[in-house]
Amino acid sequence: MLVRLSRPKGNPRMRHHLFCYGSLQFPEVINAVVGRHFQGRRAALHGYAAFDVRRAEYPGIRPQPGRTTSGQVYSGLTPDELAVLDRFEGRLYERRRLAVRMADGRRRGVWVYAIKPGRIRRLAPTRWDRRTFRQRRYHRFMQRFVHARRPVFAPRDR
């Protein structure tokens, strides 16, 4: 199921689950973007693989049978927080509703940001590596995409 939203609709008290496989799987990144603390739980997205985005520090996923992408599920996100994340992710990604397998074996329907079909060419052939990001790209990513772009995605006053 594919959903394109500029602003999540529905009950403002409704809470959502989000699977993060790239930079947002690091709690300090999602905390800095959304502005509150989240505790993630390990999960796996089957049938998708994460690849480097060309000329960027972050990854994107695309369908790939037989592959699994590991990450974190954050629970309790509000529609306003998803709107912040939609702006943070930008035009390269779309938010999709997919099923992940939690560490305890249960399946859960969650939101996932995936590369838009028309932009798959932006993905490099190299698989994205969490350790390499943490060791070599994390600080640059935080400066360029979290701190410097805050006016683009920060929560908007009503």
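Which residues form one aromatic cluster? Phe26, Tyr58, Phe88, Tyr93, Trp128, Phe133, Tyr138, Phe141, Phe145 and Phe153 do. The model is predicted. A search of the whole structure turns up 13 aromatic pairs.

**Aromatic contacts**

- Phe88 and Phe141 make an edge-to-face pair, because their ring planes stand at 85 degrees, with the centres 6.4 Å apart. Planes over 60 degrees apart count as edge-to-face.
- This pair links distant parts of the chain. Phe88 is in helix α2 (residues 79–89) and Phe141 in helix α3 (residues 130–147). The two are 53 residues apart.
- Both Phe88 and Phe141 are buried.

**Charges over rings**

- Arg62 places its charged end over the ring of Phe51, 4.2 Å from the ring centre.
- Arg95 does likewise with Trp111. Its charged end is 4.4 Å from the centre of that ring.

**The largest pocket**

- The volume of the largest pocket is about 290 Å³.
- Strand β1 (16–20) and helices α2 and α3 each supply at least two lining residues.
- By class, the lining has twelve nonpolar residues, three polar and three charged.

**Helix α1**

- Helix α1 spans residues 27–34. Its buried residues are Val29, Ile30, Asn31, Val33 and Val34.
- The cover over these buried residues includes β1, β3 (59–77), α2, α3 and α4 (150–153).

**Helix α2**

- Helix α2 is mostly covered, with ten of its eleven residues buried.
- The buried set is Pro79, Glu81, Leu82, Ala83, Val84, Leu85, Asp86, Arg87, Phe88 and Glu89. Charged residues in that set include Glu81, Asp86, Arg87 and Glu89.
- Gly90 follows α2. Its phi is positive, near 75 degrees.

How values were computed. Residues numbered from 1 in each chain as written. Predicted model: local features only at pLDDT ≥ 70, side-chain atom pairs only at ≥ 80, totals over all residues. Heavy atoms only, no water. Phe/Tyr/Trp six-rings, centres within 6.5 Å; stacked < 30°, edge-to-face > 60°. Helix = DSSP H or I, 4+ residues; strand = E, 2+ residues; numbered from the N terminus. Buried < 20%, exposed > 50% of the residue type's maximum accessible area, 1.4 Å probe, protein only. Lys NZ or Arg CZ within 6 Å of the ring centre and 35° of its normal. 1 Å grid on protein atoms, 1.4 Å probe; cavity = no way out; pocket = protein on both sides within 12 Å on 5 of 7 lines; lining within 4 Å. Points joined across faces, edges and corners; volume = space filled by probe spheres on them. Contact = heavy atoms within 4.5 Å.
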